[in-house]
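Welcome to this short tour of a protein model. Have the sequence and the structure open as you read, and follow each residue as it comes up.

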Amino acid sequence: MTPLEPAADPALRDALVHERAYHDTCRAALAAMVEGAGEQVVVGEDVSASGADAEVLGYRLRSHAKEMRELPEGPLFFGRLDFDDHANVDQAGQSYHAGQSYHVGRLRISEHPAVPPLVVDWRAPVSRAFYQASSRDPRGVAVRRRFGWAPGSRGESADLTGLEDEHLDRRRASDDPEPAFSGSPGRLLAAEIERPRLGPMRDIAATIQPEQDDLVRADLTTSVCVQGAPGTGKTAVGLHRAAYLLYTYPQRIRRGGLLILGPNRTFLSYIAEVLPALGETGVRQSTVTDEIARHPVTAEDDERAAVVKHDPRMAGVLRRALYSGVAGGGGPGERFNSLVLSEGSYRWRVSGDELRRIVADVRAEELPYDIGRERVRARVVRLLQEQAERRAGPRPNAWLYRISRSRPVGAYLDAVWPKARPEEVLARLLGDPDALAVAAEGLLDTDERKAVSWAKPPRTWRSARWSAADLVLLDEVAGLLAHPDGYGHVVVDEAQDLSPMECRAIARRAAYGSVTVLGDLAQGTTPWAARDWPGLLADLGKPDAHVVPLTTGFRVPQAVVGLANGLLGRLGVEVPAARSLRRDGELRIRRVDGEAAGGGGVVAETVAAVRDALAREGSIGVIAADAEVVRLREALGEAGVVTGGPDELRSRVAVLGAGVAKGLEYDQVVVVEPAAIAAAEGRGLHRLYVVLTRAVSRLDVVHARALPW
């Protein structure tokens, strides 16, 4: 590595001056691109075209112009590739990057479409060498350059302050065995990874590592599951994969759509600025609850009821409940009345045996319920049509429509395959113990049925109060009625916490697409959290998804990772232990004796730890058992420390309960009374593992009770 600084020799200073001038050129070109996007909208609206075509064209141009205007300010490139004179020789012997240099940034910048770009997009094929090239496999790269940036001081968004060159061809010549990132990162790369943060999550386009890049650039048709230890960047990998797919497969993604699912809205707020920073806007980011919600959540289940409702056996119970109204359930001996239809002097008749056969055949086809109902209607009408045509010749389409909507056919259909609404099915099931007993026979025991039954059933489904688990059940019934709209790709974060029934809801929306599943089995905190990936992937409908472990962390210090690893053996999951390349973090255990604890010593020591943290750069998270959050906020407020909650991302100091810490990161974390966090819930040790790994620079542990590890 060759670090270049302004105070270095004249040649190096000249390189810095040249790169600054190049950045100014790129900034001017980007401004012209933004202005040009606005002009395209005006021209597009004047184009002579059909109304529909003009509307579509105008919408796309306006969307593009809006995206260009909303690009966040910042450095326009973070790296440069200098290829050697023999780079990338194809089968015809042509070197298509030989001797070329490319600046790599978050989006493509060009002065004109017909000339080579000033900056290539990090997702472009040529940019892959920036992330993958090493001394062992230079990929034709002679020099990889990284840039150091600082907040702008000349009215600019950022100032170029340093350069760092990695001479891969020189390493190859000297037989240097060091790969690109096997030990310690370069100084500028390390500085970017470790840079203090305040506010939402940042993108990692400048610091993607080879194993991350492999996952990001997986084909659209490939479903992958990332078992990522804390600090390995699994969330960033998922978001950058989404950006890569949008760039590489724009037409297919536009047709199918892309969905990002997070565990809660706090987490979605935290990651909300990553994709826009990469030039991608308008991507749907949601939670499972928001995605399936047919009604607001106005009721709450106890844990026993919630566990049963999230159990995959409920899918069988619901299917039975839905089809309990369909004729034919009484067996082959069940009698069907004949259908008689009068039309003037003609009378058409379908026998009960024929009707029984129609219903049985359609049920055997296992179609969605609503399609099955219409299939029965169509086959009944077909029999009537055949009789009519034998007597009176071919029947017009208008006749077929009139007969299919006639009162006798409608009444018959309602009798043998009645209309159904998810709310009616579920309200009848949970509000009628007899109906539940029939539907759950052999699936749920007496105690389980009692747990999910409504103690006071509503008069009608319209007055029902639905819990979050009920919404999952409603979505299951809705999926039995008709297939929901799907997506071309779904990114699922914190997937280890999903229940089998929630996985089924996602599977219905990714039935014809692929998924990127992100999680860590060690961080599973729900009562139904997964203990292995194959079962969860099967519930997602992707049993063949590749499971890839990420174990090397770049942000969480080794001291913190080592402390958290001490809990792994007690979590009941088989995951590889995490390791970190950072050795510079701090860990401090602050013990309060029992007498002081009784007098509020833990709170006082927490205030002291926060004061120490405020003397350093970066964000601060104070994490405690949920029941202690209010008391800690009040104590810090009385001490003159301004605090915010987990949703207030710009707050320097956030005080939050352990229950909402998942997925968030802070430069410095103060964990208050780990034993209380571990004892607060059934999977408290998993929750504590999550809490301990939120720090990316310094961790203070304040305690009076014995430490769980």
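A residue counts as buried when its relative accessible area is under 20%, as exposed when it is over 50%, and as partly exposed in between. Please keep in mind that this is a predicted model.

**Overall build**

- You will find 29 helices and 21 strands in the protein.
- Among contacts in the protein with a separation of 6 or more, 73% are made by residues 24 or more positions apart.
- The protein has an accessible surface of about 32,400 Å², and carbon and sulfur atoms hold 50% of that area.

**Nonpolar cores**

- The largest nonpolar core contains 160 residues, and W122 and W417 are the ones with the most contacts inside it.
- Helix α7, which covers residues 234-248, contributes the most to this core, giving 8 residues.
- Another core, of 20 residues, lies apart from that one; A624, V629, V653 and V672 are among its members.

**Cysteines**

- A disulfide is a covalent bond between the sulfur atoms of two cysteines.
- The structure holds 0 disulfides.
- C225 is buried, since its relative accessible area is 0%.
- C503 is buried as well, at a relative accessible area of 1%.

**A nonpolar patch on the surface**

- L587, I589 and W709 make up a nonpolar patch on the surface, and together they have about 240 Å² of accessible area.
- To find W709, look in the segment after β21 (695-703).
- W709 has 33% relative accessibility, so this residue counts as partly exposed.

**Two glutamates with positive phi**

- E366 is not a glycine, yet its phi is positive, at about 55 degrees.
- Look for E366 in the loop that runs between α14 (352-364) and α15 (369-392).
- Is E366 buried or exposed? Its relative accessible area is 67%, and because the cut-off for exposed is over 50%, E366 is exposed.
- E673 also has a positive phi without being a glycine, with a value of about 50 degrees.
- The loop that holds E673 lies between β20 (666-672) and α28 (674-679).
- Is E673 buried or exposed? At 10% relative accessibility, E673 falls under the 20% cut-off and therefore counts as buried.
- Set side by side, E366 is exposed, whereas E673 is buried.

Methods:
Residues are numbered from 1 along each chain as its sequence is written. This is a predicted model: local features need pLDDT of at least 70, side-chain atom pairs count only at pLDDT 80 or more; totals for chains, interfaces and linings use all residues. Side-chain values use heavy atoms; hydrogens and water are left out. Helices (H or I, at least four residues) and strands (E, at least two) are DSSP runs, numbered from the N terminus. Contact means heavy atoms within 4.5 Å. Accessible areas come from the Shrake-Rupley method with a 1.4 Å probe; for residues, only the protein chains shown count as cover. A nonpolar core is a set of buried Ala, Val, Leu, Ile, Met, Phe, Trp, Tyr and Cys residues joined through side-chain atoms within 4.5 Å. Buried means under 20% relative accessible area, exposed over 50%, partly exposed in between (1.4 Å probe, protein chains only). A disulfide is a pair of cysteine sulfur atoms within 2.5 Å. Patches are made of residues with over 30% relative accessible area and no salt bridge: like charges are joined within 9 Å, nonpolar side chains (Val, Leu, Ile, Met, Phe, Trp, Tyr) within 5 Å. A salt bridge is a side-chain nitrogen of Lys or Arg within 4 Å of a carboxyl oxygen of Asp or Glu.
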